[in-house]
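Visitor: I have a structure to go through with you. Please show it, and then I will ask about it piece by piece.

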Amino acid sequence: LFSERPGCYLLEVRPQHAQAFRSLMTELGTGWTWVGQTNATGRLELRGASDESIKVEVLASAWRTPLDW
C-alpha cells in the first residue's frame, strides 16, 4: 500500500462510480489494481491473501505526522 512510485497514484472512487472507473481504465488501457475499501466502521479493508483491515484514523495519522513540524 505504501510503495508509491513515480507515475502511480492511490485513488478513491465512490461505489456508485466504480463501474464507470473500471470501464474508463479498460478503455484507456491503463493498468490498475483495486486495493480495498473503507466501510461504516471507519476501517480500510485490504484485499489480498490475508484480507487485513486498519483504522482509517491510523492511516491518516501516519500520513500527517511527518508534516507536523
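Visitor: In the hairpin of β1 and β2, which residue takes a positive phi?

Guide: This is a predicted model, where local features need pLDDT of at least 70, side-chain atom pairs count only at pLDDT 80 or more, and totals for chains, interfaces and linings use all residues. Residues are numbered from 1 along each chain as its sequence is written, and side-chain values use heavy atoms, with hydrogens and water left out. The hairpin has 4 residues between its strands. The one with a positive phi, near 80°, is G42.

Visitor: What pattern does the protein follow along the sequence?

Guide: Helices (H or I, at least four residues) and strands (E, at least two) are DSSP runs, numbered from the N terminus. The protein has 2 helices and 3 strands. Read along the sequence, the pattern is α-β-β-β-α.

Visitor: In which sense do β1 and β2 pair?

Guide: Two strands pair if DSSP finds at least two bridges between them. β1 and β2 (residues 43-46) have 3 bridges. T38 stands opposite L44 of β2. The sense of the β1 and β2 pairing is antiparallel.

Visitor: Which residue in β3 is the bridge partner of E45?

Guide: β2 is joined to β3 (residues 53-55) by 3 bridges. These two strands run antiparallel. In β3, the partner of E45 is S53.

Visitor: Which residues is Q37 in contact with, leaving aside its neighbours within four places in sequence?

Guide: Q37 is found in strand β1. Contact means heavy atoms within 4.5 Å. With those neighbours left aside, the residues in contact with Q37 are R43, L44 and E45.

Visitor: What distance separates the C-alpha atoms of Q37 and R47?

Guide: Q37 and R47 lie 10 residues apart along the chain. Their C-alpha atoms are separated by 8.2 Å.

Visitor: How many aromatic pairs are there?

Guide: Rings of Phe, Tyr and Trp (its six-membered ring) pair if their centres lie within 6.5 Å; planes under 30 degrees apart count as stacked, over 60 as edge-to-face and the rest as tilted. By this rule the count is 1. F21 and W32 form an edge-to-face pair, 5.4 Å centre to centre with 80° between the planes. It links F21 in helix α1 (residues 18-28) to W32 in the loop between α1 and β1 (36-38), 11 residues apart, and the number of aromatic pairs is 1.

Visitor: Is F21 buried or exposed?

Guide: Buried means under 20% relative accessible area, exposed over 50%, partly exposed in between (1.4 Å probe, protein chains only). W32 has 36% relative accessibility, so W32 counts as partly exposed. F21 has 19%, so F21 counts as buried.

Visitor: How far apart in space are L10 and W34, C-alpha to C-alpha?

Guide: L10 sits in the segment before α1. Its relative accessible area is 60%, so L10 is exposed. L10 and W34 are 24 residues apart in sequence. In space, C-alpha to C-alpha, they are apart by 9.6 Å.

Visitor: What share of the 69 residues is buried, and what is the accessible surface of the protein?

Guide: Accessible areas come from the Shrake-Rupley method with a 1.4 Å probe; for residues, only the protein chains shown count as cover. Buried residues make up 9% of the 69 residues. Carbon and sulfur atoms hold 55% of the accessible surface, which comes to about 6400 Å².
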